[in-house]
Amino acid sequence: MNILLIGFMGSGKSTVAKRLSQLMHLSCIEMDDLVYQKTNTRNMSEVFALGGELLLRETEIAIAKEVASKDHLILSAGGGVVLNKIILDYFKIKGGKVIFLNARFETIVERIGKEDSRPLFKQIDVAKKLYDFRLPLYLNYADEVIDVDSLSADEVARTIKNLCG
Ligand code: S3P
């Protein structure tokens, strides 16, 4: 069974995935890193410069298809995977468990701060609209929802281990 962490940018997926992989002795994969490998880029700004959001989303679908054949992985998904149901469907093929790290928008803004490396988090009002649009999608696809606002990455990882271990 694979474990897929979903949630908005800044909800802590990458940090939790690393911690969880130590706790559960499973390999952990960062989907954004696979996007860089596949597109021959080094970061998300380069992906967007090369082919815009379309390239990102098409690459995410291709990655989900490949990863669907693997097992015993922890996957930290890009925040936008819920935009394409086909991605979630691929992950479910092997009975993957989808965990939504649910952070309030205020928490996300605090965590991301003034970082500008994320092409879709350049303007707070635009990011808030994305957040509002996606929240029901995260909730819809999640097998488990963890409210992460007041939890450390370690606490979130332990909670997931208890749910899936
Ligand atoms: C995105 C989230 C990012 C990355 C890209 C787009 C999104 O991943 O895939 O910048 O649409 O929410 P993280 O959620 O890991 O930051």
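At what angle do helix α3 and helix α4 pack, and how far apart are their axes? Some notes on that and on other spots follow; bear in mind that this is a predicted model.

1. **α3 against α4.** The axes of helix α3 (residues 44-67) and helix α4 (residues 85-92) sit 8 Å apart, and the packing angle is about 10°. With angles under 35 degrees counted as roughly parallel, that makes α3 roughly parallel to α4. On the α3 side the contact uses Glu60, Ile61, Ala64, Lys65 and Val67, and on the α4 side Ile86, Ile87, Tyr90 and Phe91. By type, the residues of this contact come out as seven nonpolar, two charged and no polar.

2. Lysine 85 and aspartate 89 form a salt bridge through their side chains, at 2.9 Å from N to O. Both residues belong to helix α4 and are four residues apart, about one turn of the helix. An α-helix has 3.6 residues a turn, so residues three or four places apart point the same way. Lysine 85 is partly exposed at 48% relative accessibility, and aspartate 89 is partly exposed too, at 38%.

3. **α2 tied to α3.** Here the salt bridge is between lysine 38 and glutamate 66, with 2.7 Å between the closest N and O atoms. The pair links distant parts of the chain, 28 residues apart: lysine 38 is in helix α2 (residues 31-39) and glutamate 66 in helix α3. Lysine 38 has 42% relative accessibility and so counts as partly exposed; glutamate 66, at 42%, also counts as partly exposed.

4. **Arginine 57, an arginine on the inside.** Leaving aside residues up to four places away in sequence, arginine 57 touches Gly80, Leu83, Asn84, Leu120 and Arg134.

5. **The buried face of α5.** In helix α5 (residues 105-112) the buried residues are Phe105, Thr107, Ile108 and Ile112. Looking down the axis of α5, they fall within an arc of 155°, so they line one face of the helix. Among what covers these buried residues is α6 (124-141).

6. **Arginine 111 and its surroundings.** Arginine 111 is also in helix α5, but at 37% relative accessibility this residue counts as partly exposed. Which residues does arginine 111 touch, not counting those up to four places away in sequence? They are Gly10, Ser11, Gly12, Val148, Asp149 and Leu151. Aspartate 125 is another matter: 14 residues separate arginine 111 and aspartate 125 along the chain, and their C-alpha atoms are 16 Å apart.

7. The whole structure has 12 salt bridges.

8. Histidine 25 has a positive phi near 55° and sits in the loop between α1 (13-24) and β2 (27-30). At 70% relative accessibility, histidine 25 counts as exposed. Asparagine 40 has a positive phi of about 60° without being a glycine, and its place is the loop between α2 and α3. Asparagine 40 is exposed too, with a relative accessible area of 73%.

Conventions: Residues are numbered from 1 along each chain as its sequence is written. This is a predicted model: local features need pLDDT of at least 70, side-chain atom pairs count only at pLDDT 80 or more; totals for chains, interfaces and linings use all residues. Side-chain values use heavy atoms; hydrogens and water are left out. Buried means under 20% relative accessible area, exposed over 50%, partly exposed in between (1.4 Å probe, protein chains only). Helices (H or I, at least four residues) and strands (E, at least two) are DSSP runs, numbered from the N terminus. The arc is that of the directions from the helix axis to the C-beta atoms. Contact means heavy atoms within 4.5 Å. Axes are lines fitted to C-alpha atoms, for helices over the stretch in contact, and angles run from 0 to 180 degrees between N-to-C directions. Angles under 35 degrees count as roughly parallel, over 145 as roughly antiparallel, 65 to 115 as roughly perpendicular and the rest as oblique. Ala, Val, Leu, Ile, Met, Phe, Trp, Tyr, Cys and Pro count as nonpolar, Asp, Glu, Lys and Arg as charged, and the others, Gly among them, as polar. A salt bridge is a side-chain nitrogen of Lys or Arg within 4 Å of a carboxyl oxygen of Asp or Glu.
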